[in-house]
Amino acid sequence: MAEPFTTLTSLPMPLIRGNIDTDQIIPSREMKSTGKTGLADGLFAGLRYTAIGGRDPDSGFVLNDPHYADSQIILGGANFGCGSSREHAVWALAEYGFRAVIAPSFAPIFAGNCVRNGILPAVIDADAITVIAKANSPITIDLRAQTIRLDDDQNWSFPIDEEAKAMLLEGLDAIDLSLKMAADIATWQEADRAKRPWIYLGAKQ
Amino acid sequence: MRKWRLFLPEPTTLFGKLWNSHAVAALPGGGTLLAIDRVFLHERTGASALNSLAEAGRAVADPARVFAVTDHIVDTRPGRTDKTLMPGGQVFITETRAAAKAAGITLFDVNDSDQGIVHVISPELGIVLPGCTLVAPDSHTCTQGAFGALAWGIGSSEAEHAMATGTLRLNKPKSMRVRFSGALAKGVTPKDMIMTLIARHGAAGGKGHAVEFAGQAVQALDMEGRMTLCNMATEFSAMSGFIAPDTKTLAYLEGRRYAPTGENWDRATQNWRQLVSDANAAFDTEIEIDASAIIPMISWGTSPEHSVGISGAVPDNASERPLEYMALKPKQKLAGTPIDAAFIGSCTNSRLSDLRRASALLKGKTIASHVKAICVPGSSRVKREAEAEGIDAIFREAGFEWRESGCSMCFYAGGESFDAGSRVISTTNRNFESRQGPSVKTHIASPETVVASALAGVIADPRTLQDG
Ligand code: SF4
């Protein structure tokens with residue numbers, strides 16, 4: 001179960017490039033165990049360290065900028081999280097301490113993985129992201145109101161589907177929600193088994 | 001007063017039929033609880049999904065419909081064991097084996113005769129079937145849509161969800177039809193079709209859509225070609241890509257291990273015949289492409305949308321970062337660019353027909369002496385069948401390495417890779433930065449184009465080659 005997400009105030013870290021893929025978020029070589037932890041060190045490894053597999057910080061990369069050391073929000077570019085479906089990308093972001101990514105668009109698998117791990121994927125347009133990045137000051141995300149506030153004059157709303165919102169707000173586990181519908185599932189499967197017996201392998205074919 | 005109306009069922013798309021036939025319940029907020037017929041895991045993430053499920057005290061609801069394979073990081077050099085070139089990779093294999101056993105699911109293990117890349121062996125074994133929903137924690141699961149299935153890649157948490165409940169919670173994507181009219185010219189392949197689509201409509205062109213591939217050029221493809229086409233639907237940002245099943249689909253599946261038999265086969269094929277988009281079904285988006293105008297494609301940048309025809313050049317307005325990474329200049333011609341290595345493999349282009357076409361062009365020739373060339377069959381079955389036809393000998397004599405099956409150098413996991421910074425022409429599906437190794441510059445193309453380039457030592461047009 002993920003930590004509930006209601007409001008979050010933090011200085012956002014700008015990483016505004018299109019097509020930040022999951023290989024960049026966590027290179028495959030950094031996925032060293034079969035668990036969901038121990039990944040924060042590998043977050044953005046290819047960009048963050050001076051050499052492949054090394055651990056010397058590249059001072060030119062924003063994650064190493066002390067100004068953003070406590071950032072819990074990433075400002076991203078279009079199609080954020082594209083590429084491999086590896087959930088490790090989201091686990092690494094979460095373990096490092098990020099709770100939200102704001103981008104003009106997300107790869108769908110990545111956005112789904114975010115929600116399941118308590119990270120908010122918020123979509124606002126690229127111009128708004130530029131404004132926030134320029135301001136270089138803390139913003140407040142209010143998930144219930146679906147708004148991102150920079151200051152008194154500037155705030156933006158973002159869309160999110162109802163279920164993703166509910167899961168984030170309450171830190172709900174999707175599996176528990178679906179297991180509550182076990183009776184519906186069983187009824188459906190019984191009817192389906194009569195129609196498509198070949199789907200049910202190893203059972204009464 | 002009511003008027004009489006003729007109550008005909010509303011025309012429905014193939015996607016609508018696949019979706020509706022799996023809708024278990026509507027969810028608050030507009031989503032659907034969708035039934036999942038098959039789950040396929042691999043060793044890269046399989047153990048974490050299975051272990052995490054077990055730690056939460058949950059069981060796999062129906063283990064007979066869950067499969068796993070070792071393909072992603074398994075070694076592909078002859079005489080392989082559980083040891084991998086990827087540091088620490090062995091743990092992924094041994095833990096997946098243990099977790100699969102504990103969960104009671106079927107595992108195609110390292111030296112199993114059915115081992116191979118998940119999207120190659122699932123059809124070989126008849127695990128994917130028309131009209132089924134199939135998910136795997138791998139984005140190229142859409143490959144299997146070639147069989148008229150709804151197949152797509154998911155994350156690990158969703159894999160746990162699918163295994164524990166037999167369902168997934170989803171929002172219905174929009175429907176798109178991409179119609180390839182006309183016939184492909186000689187030397188042009190399904191890889192060139194999908195690369196053309198992505199080059200024209202962008203790597204995000206299919207976003208939010210489930211894409212049906214249709215039209216004369218699609219119907220003309222054999223099943224393996226259809227898989228190549230559907231494989232890269234994910235590079236188009238589509239939820240999935242699929243093709244209505246036809247007699248070729250049935251002929252391919254009949255007699256496969258997990259395909260229905262006897263009376264069930266007859267019932268199944270009757271059911272599968274309905275899996276077409278009705279004549280007047282409405283799609284949210286439609287795209288037409290004239291297949292006869294497609295030429296062999298080559299990527300120049302670091303996204304599959306960065307692709308042009310083989311006789312073309314880097315666009316004048318290409319953005320800086322991909323060009324800097326690829327060490328190319330605007331307006332530079334792609335053909336003639338020297339390459340360091342060539343790779344034939346991956347779930348895109350590693351099936352028997354791919355290897356047959358490649359070997360026909362290679363026969364009796366040798367590749368340029370400075371090119372490191374590797375061929376990795378998509379499955380152990382493909383490898384056996386190719387060897388029975390003498391294809392391995394042709395590859396070897398031409399100067400290629402011939403490997404055991406697996407994902408191999410399609411992606412870099414920390415083990416084996418091409419030399420840092422080298423330029424590779426590859427039949428894979430992703431030309432992302434460092435996808436095939438640190439700073440490796442990947443150009444994706446068809447097997448024909450890879451062969452022509454390996455022979456010439458520079459990026460080359462396959463249409464200039466004669467079969468050996
Ligand atoms: S061959 Fe490459 S793209 Fe295909 S499943 Fe393996 S790693 Fe993924």
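Predicted model: local features only at pLDDT ≥ 70, side-chain atom pairs only at ≥ 80, totals over all residues.

Residues are numbered from 1 along each chain as its sequence is written, chains are lettered from A and ligands numbered from 1 in the order in which they are written, and side-chain values use heavy atoms, with hydrogens and water left out.

In chain A, strand β6 (residues 139-142) has pairing partners that include strand β1 (residues 7-10), with which β6(A) forms four bridges in the antiparallel sense; here A:T9 stands opposite A:T140. Strand β7 (residues 147-149) of chain A also runs antiparallel to β6(A), joined by three bridges, and A:I141 of β6(A) faces A:I148 across this pairing. The hairpin of β6(A) and β7(A) has four residues between its strands, and in it A:Q146 takes a positive phi near 55°.

A:F80 sits in the loop between β3 (73-76) and α3 of chain A, and because its relative accessible area is 0%, A:F80 counts as buried. Contact means heavy atoms within 4.5 Å, and by that rule, leaving aside neighbours within four places in sequence, A:F80 is in contact with A:I20, A:I25, A:I74, A:V101, A:A103, A:S105, A:F106, A:A107 and A:F110. A:H88 belongs to helix α3 of chain A and is likewise buried, with a relative accessible area of 0%. Not counting residues up to four places away in sequence, A:H88 touches A:I26, A:M31, A:G35 and A:L39, and also B:T45 of the other chain.

Charged pairs come next. A salt bridge is a side-chain nitrogen of Lys or Arg within 4 Å of a carboxyl oxygen of Asp or Glu, and the structure holds 34 of them over all chains. In one, the side chains of A:R86 and A:D23 meet at 3.6 Å, N to O; this pair links A:R86, in the loop between β3 and α3 of chain A, to A:D23 in helix α1 (residues 22-25), 63 residues apart, and both A:R86 and A:D23 are buried.

In chain B, the side chains of B:R356 and B:E389 form a salt bridge at 2.6 Å, N to O, which connects helix α12 (residues 352-362) with the loop between α13 (380-388) and α14 (391-398), 33 residues apart. B:R356 is partly exposed, with a relative accessible area of 42%, and B:E389 is partly exposed too, at 40%. Another salt bridge joins B:E404 and B:K383 at 3.2 Å, N to O, with B:E404 in the loop between β17 (400-402) and β18 (423-426) and B:K383 in helix α13, 21 residues apart. B:E404 counts as buried at 18% relative accessibility, as does B:K383 at 13%.

Where the chains meet, 52 residues of chain A are in contact with 64 residues of chain B. Buried area is the accessible area (1.4 Å probe) that two parts lose on being put together, summed over both; between chain A and chain B it is about 4,800 Å², of which carbon and sulfur atoms give 54%. On the side of chain A, A:T34, A:W198 and A:L201 lose the most area to chain B, together 17% of what that side buries. The count between chain A and chain B is five salt bridges, and A:R196 and B:D37 meet through their side chains in a salt bridge of 2.9 Å, N to O.

Technical notes. Pairing = 2+ DSSP bridges. Helix = DSSP H or I, 4+ residues; strand = E, 2+ residues; numbered from the N terminus. Buried < 20%, exposed > 50% of the residue type's maximum accessible area, 1.4 Å probe, protein only.
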